[in-house]
Amino acid sequence: MEVRRPSNDGAYGSDLTRFRIVRGLLCLLVLLLTAFMMLVYFGFMGAVIIRFFSIYYSRKVTSFFFGAWLALWPFLFEKINKTKVIFSGETLPAKERVLLIANHRTEVDWMYLWDLALRKGRVGYIKYVLKSSLMKLPVFGWSFQILEFIPVVRKWEVDESIVRQMLSTFEDPSDPLWLALFPEGTDFTEQKCIRSQKYAAENGLPVLNHVLIPKTKGFFASLEGLRGSIDAGCYMFLEIVAYTVYCYLYDVTIAYKHRCPTFMDNVFGVAPAEVHIHVRRISIDNIPSSEDEVNTWLINTFHLKDQLLSDFRSQGKFPNQGTEQDLSTAKCLVNFGAVILLTSICTYCTFFSSIWFKIYVSLVCAYLASATYFNIRPLPIVDLVKALFKCKSS
């Protein structure tokens, strides 16, 4: 959803000047280099070595280092590109454990969720259900594997076992988590909207203009798979006041001014001028438990999104704006400096130090490429031993 109104810099965004091209390519180079060094030195240590002993601490270490890297993207969007990210709806507590659903307007919607997660201290813990083709991206695909994103091919008979297996690893209520879903299953286009409207009319569903009819199976599986940990978390919260877990779903609606951005628009800073993110915080207790009722609830939720986006199109804003503060420039610069320092040290060791560093990097790259291709994640040694004994006894 976008509002097209001319800006001072161009028809529907900023002009693509030579300065923006050079700056964008330099930023992309920095993001790629920092991602690569974080992967081979800290990602491998956190997501592989430490995971042999503890999944919980593996995720803590991985989220710490990759949270610092992911925070570079909001820094790029809001401080370098000067994109205004405007939050509205409900004010959210920090560090909740949540299931998050959002509309899918363009290929980069998911990246702007980092802006929200960073403000809530969860940028390193956000997981996405994303199309498997993105796992093939060089360097970034390895990062998605390390961060435990859930790859799908958009065929439920193929995806079901993968989704349920991955969800089973997130059931511990003490494990921080933001699980983000895009129930439409694909980004919005006019052609897809026409097909969605035809399907809705033929099946007695609401005819939507700004979102697609959501696919319900993945959402129900996610809700069902995590509901046990949600309920357990709520019980533990009542017993131990200092222990914060989630009992909520975040319903996020995203819209853009003055046009929807592509990935390269983000890199070069030509669009969007504004990103509007509206959030509803919904108690899990208010979501039904049966599959048919959950399907109806999700479709009704997207009907509300459609109305919200229609109002945005006419008014240029969501209701109750200003629920989140701007990012601290000082904190962004400190984080940027720390990431650059670590990257510089790792780069020096890789190219100008002992040959053993080059061998190490080569072996880690081979492992990451294989692990991403075959979707391999190591189990803790204790779990491996238990599995071996179980196989022998059976």
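## Lining of the largest pocket

The lining of the largest pocket draws at least two residues from each of helix H1 (18–49), helix H2 (55–70), helix H4 (109–119), strand E4 (126–131), helix H5 (140–146), helix H6 (156–168) and helix H8 (216–239). Helices (H or I, at least four residues) and strands (E, at least two) are DSSP runs, numbered from the N terminus. The model is predicted: local features need pLDDT of at least 70, side-chain atom pairs count only at pLDDT 80 or more, and totals for chains, interfaces and linings use all residues. Residues are numbered from 1 along each chain as its sequence is written, and side-chain values use heavy atoms, with hydrogens and water left out.

The largest pocket holds about 950 Å³ of space. Among the 40 residues that line this pocket, Val-129, Leu-130, Lys-131, Arg-154 and Gly-185 are the closest to its centre. On a 1 Å grid over the protein atoms alone, a pocket is an open set of points where a 1.4 Å probe fits, with protein on both sides within 12 Å along at least five of seven lines; lining residues have an atom within 4 Å of a point. The volume is the space filled by probe spheres set on the points, which are joined across faces, edges and corners.

## Aromatic pairs

There are 27 aromatic pairs, counted where ring centres of Phe, Tyr and Trp (its six-membered ring) lie within 6.5 Å; planes under 30 degrees apart are stacked, over 60 edge-to-face and the rest tilted. Phe-42 and Phe-65 form a stacked pair, at 4.4 Å centre to centre and 15° between the planes. This pair links distant parts of the chain, with Phe-42 in helix H1 and Phe-65 in helix H2, 23 residues apart. Both Phe-42 and Phe-65 are buried, that is, under 20% relative accessible area (1.4 Å probe, protein chains only).

The ring centres of Trp-110 and Tyr-128 are 5.5 Å apart with the planes at 80°, so this pair is edge-to-face. Because Trp-110 belongs to helix H4 and Tyr-128 to strand E4, the pair ties together parts 18 residues apart in sequence. Both Trp-110 and Tyr-128 are buried.

## Charges over rings

Arg-281 lies over the face of Tyr-248, 3.6 Å from the ring centre. The charged end of Lys-305 sits over the ring of Phe-302, at 5.5 Å from its centre. The criterion is NZ of Lys or CZ of Arg within 6 Å of the ring centre and within 35 degrees of the ring normal.

## Helix H10

Buried residues in H10 include Phe-302 and Lys-305. Just after H10, Gly-316 takes a positive phi of about 80°.

Terms used:
Buried < 20%, exposed > 50% of the residue type's maximum accessible area, 1.4 Å probe, protein only.
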